[in-house]
Amino acid sequence: MAWSQGRMAIERMLERGQIERVPPSDNLAQSLIDASNAHLVSAATVLDSDPPGAFQLAYDAARKACAALLAVQGLRPTTAGGHRAVQEAMTEQFGSGFSSLGRLRRQRNDTEYPDADSPSTTSDDAAHAIEEAGDIVNAAKALLASGQLTPFR
């Protein structure tokens with residue numbers, strides 16, 4: 001049985017060119033999960049010496065775990081959809097377990113593209129991001145292990 005939650009949102013995103021169909025790949029999904037795990041370890045390692053870098057790694061861990069779910073479904077974001085498309089696809093399909101991805105994405109953008117009034121990313125900010133990203137990675141792993149995800153048709 002195909003995953004039905006968020007189906008209409010995914011179809012709209014496909015129509016708008018924010019995501020595209022690709023061959024479903026469990027191998028790619030596992031590679032993305034492996035990268036997510038490595039990013040979380042690396043983020044913890046540089047937490048105090050490079051808080052913005054730790055934050056970026058935490059965000060990338062969460063985003064890649066979400067991309068792993070899309071890979072199983074045979075979907076991926078386009079350049080037009082970018083990171084926001086990943087966020088929207090997750091919240092529409094999988095709900096509150098992925099809701100912090102949007103906040104992480106916005107704060108990551110503020111960190112990567114600061115203005116003169118932007119506060120610096122602190123170790124506390126990065127530690128919180130690592131915790132939230134870990135929750136997202138674990139939620140993605142649980143969905144992958146459930147066997148409920150199938151190619152989007």
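**Close-up views of a predicted model**

**View 1. Helix 1 meets helix 4.** A9, I10, M13 and R16 in helix 1 meet A85, E88, A89, E92 and Q93 in helix 4. The model shown here is predicted. By class, this contact between helix 1 and helix 4 has 5 nonpolar, 1 polar and 3 charged residues. Two packed helices are described by the angle between their axes and by the distance between those axes. Helix 1 and helix 4 pack at an angle of about 160°. Their axes are 9 Å apart. Angles over 145 degrees count as roughly antiparallel, so helix 1 is roughly antiparallel to helix 4.

View 2. How far apart are the end C-alpha atoms of helix 4? They are 18 Å apart. At 1.5 Å a residue, the 13 residues of this helix should span 18 Å, so the two values agree. The buried residues of helix 4 are A85, V86, Q87, A89, M90, Q93 and F94. These buried residues pack against helix 1, helix 3, helix 5 and helix 6. They also pack against strand 1 (19–21) and strand 2. Just after helix 4 comes G95, with a positive phi of about 75°.

**View 3. The largest nonpolar core.** This core holds 42 residues. Which of them touch the most other members? They are L69, M90, F98 and L101. Six elements are listed as giving two or more residues to the core: helix 1 (7–16), helix 2 (26–46), helix 3 (51–73), helix 4 (82–94), helix 5 (100–112) and helix 6 (123–146). Helix 3 gives the most, with 14 residues.

**View 4. T78 in a loop.** T78 lies in the loop between strand 2 (75–77) and helix 4. Is T78 buried or exposed? Its relative accessibility is 16%, so T78 counts as buried; the cut-off for buried is under 20%. Not counting residues up to four places away in sequence, T78 touches G17, Q18, I19 and E20.

**View 5. S100 in helix 5.** S100 lies in helix 5. At 17% relative accessibility, S100 counts as buried. Which residues is S100 in contact with, leaving aside its neighbours within four places in sequence? They are E132 and I136.

Conventions. Residues are numbered from 1 along each chain as its sequence is written. This is a predicted model: local features need pLDDT of at least 70, side-chain atom pairs count only at pLDDT 80 or more; totals for chains, interfaces and linings use all residues. Side-chain values use heavy atoms; hydrogens and water are left out. A nonpolar core is a set of buried Ala, Val, Leu, Ile, Met, Phe, Trp, Tyr and Cys residues joined through side-chain atoms within 4.5 Å. Buried means under 20% relative accessible area, exposed over 50%, partly exposed in between (1.4 Å probe, protein chains only). Helices (H or I, at least four residues) and strands (E, at least two) are DSSP runs, numbered from the N terminus. Axes are lines fitted to C-alpha atoms, for helices over the stretch in contact, and angles run from 0 to 180 degrees between N-to-C directions. Angles under 35 degrees count as roughly parallel, over 145 as roughly antiparallel, 65 to 115 as roughly perpendicular and the rest as oblique. Contact means heavy atoms within 4.5 Å. Ala, Val, Leu, Ile, Met, Phe, Trp, Tyr, Cys and Pro count as nonpolar, Asp, Glu, Lys and Arg as charged, and the others, Gly among them, as polar. The expected span of a helix is 1.5 Å times one less than its number of residues.
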